[in-house]
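User: Please show me how to read the features of this model, giving the general idea before each case.

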Amino acid sequence: MAELDIGQHCQVEHCRQRDFLPFLCDGCSGIFCLEHRSRESHGCPEVIINERLKTDKPKSYPCSFKNCVEKELVAVICPYCEKNFCLRHRHQSDHECEKLEIQKPRMANTQKLVKDIIDSKKGETANKRRKGAKNSETAAKVALMKLKMHADGDKSLPQTERIYFQVFLPKGSKEKSKPMFFCHRWSIGKVIDFAASLASLKNDNNKLTAKVTYSYNSPKVLG
């Protein structure tokens, strides 16, 4: 009677047992018996590789600065206090190096000097602004005084009722502009008619038969 060829032999050298329901390893794809089905029992290469990866894990260097949890793959040693720090705290001032105490007064003096320079610059800028505003105000007062000295108008008007303007005359006039004063109670029409009279300009606006216009031939009154 012929022997039935059923099952497979275990691939472990010292075992070689024939198993009718062999196990296939999902790591190395080998065929094994019930006793050697686990990776550890048959020395699976997958287990060896994983163990080697665990042991070959790169070393990390934790930062010595308080409350810092950062780590670096290379050591960053402070040459003064000889402690290891992360890249963010590698400078003496960043990790409050204990060997930096001697340099603190010098740094404080430097900071004070910088602050004094900045404050002095701010003061100069403020003074220039105040001086510029004062000069502008003075120039405006001088211009008003000159305007009043040379202005033409009705001399019978009391000073309290006078209002002064620099009147720009239309094209073709002998003068570009002329200082004048009017009564602050006059209407715009009367002011323009009076300004045209002072500048010896032709003016038809005060005639009933003329078309009234203040746009082209009329003087422009600017305060």
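Analyst: Patches are built from residues with over 30% relative accessible area and no salt bridge, with like charges joined within 9 Å and nonpolar side chains (Val, Leu, Ile, Met, Phe, Trp, Tyr) within 5 Å. Accessible areas come from the Shrake-Rupley method with a 1.4 Å probe, and for residues only the protein chains shown count as cover. A salt bridge is a side-chain nitrogen of Lys or Arg within 4 Å of a carboxyl oxygen of Asp or Glu. In this structure, Ile6, Phe20 and Leu21 form a nonpolar surface patch that has about 350 Å² of accessible area together. The model is a predicted one, in which local features need pLDDT of at least 70 and side-chain atom pairs count only at pLDDT 80 or more, while totals for chains, interfaces and linings use all residues. Residues are numbered from 1 along each chain as its sequence is written, and side-chain values use heavy atoms, with hydrogens and water left out.

User: Where does Ile6 lie, and is Ile6 buried, partly exposed or exposed?

Analyst: Ile6 belongs to the segment before strand S1 (8-9), where strands (E, at least two residues) and helices (H or I, at least four) are DSSP runs numbered from the N terminus. With a relative accessible area of 40%, Ile6 is partly exposed, since buried means under 20%, exposed over 50% and partly exposed in between, with a 1.4 Å probe and protein chains only.

User: How many helices and strands does the chain have, and in what order do the elements run?

Analyst: The chain contains three helices and nine strands, and from the N terminus on its elements run β-β-β-β-α-β-β-α-β-β-α-β. Of the 223 residues, 25% count as buried, and the chain exposes about 17600 Å², of which carbon and sulfur atoms supply 55%.

User: How should I read the salt bridges, and how many are there?

Analyst: Side chains of opposite charge can pair when their charged atoms come close. The structure holds seven salt bridges. In one of them, Glu96 pairs with Lys66, the closest N and O atoms being 3.8 Å apart. That pair links distant parts of the chain, with Glu96 in the loop between strand S6 (71-72) and helix H2 (104-150) and Lys66 in the loop between strand S5 (61-62) and S6, 30 residues apart. Both ends count as exposed, Glu96 at 54% relative accessibility and Lys66 at 53%.

User: What should I look for in backbone phi?

Analyst: Most residues other than glycine have a negative phi, and most peptide bonds are trans. Against that background, Ser29 has a positive phi, near 65°, and lies in the loop between strand S3 (23-24) and strand S4 (31-32). Glu96 also has a positive phi, near 50°.

User: Which residues of the largest nonpolar core touch the most other members?

Analyst: In soluble globular proteins, nonpolar side chains tend to be buried together. A nonpolar core is a set of buried Ala, Val, Leu, Ile, Met, Phe, Trp, Tyr and Cys residues joined through side-chain atoms within 4.5 Å. The largest one has 17 residues, of which Val167, Met180, Phe182 and Trp186 touch the most other members. S7, S8 and H3 each supply at least two residues of this core, and the largest share, four residues, comes from S8. Apart from it lies another core of nine residues, among them Phe65, Cys81, Cys86 and Cys97.

User: How many aromatic pairs are there?

Analyst: Rings of Phe, Tyr and Trp (its six-membered ring) pair if their centres lie within 6.5 Å, with planes under 30 degrees apart called stacked, over 60 edge-to-face and the rest tilted. By this rule the count is five aromatic pairs. The rings of Tyr164 and Phe181 have centres 5.5 Å apart and planes at 45°, so the pair is tilted. Tyr164 lies in strand S7 and Phe181 in strand S8, so the pair ties together parts 17 residues apart in sequence. Phe165 and Phe182 form another tilted pair, 6.1 Å centre to centre with 45° between the planes. Phe165 is buried with a relative accessible area of 18%, and Phe182 is buried with 0%. Phe165, Phe182, Trp186 and Phe194 form one aromatic cluster.
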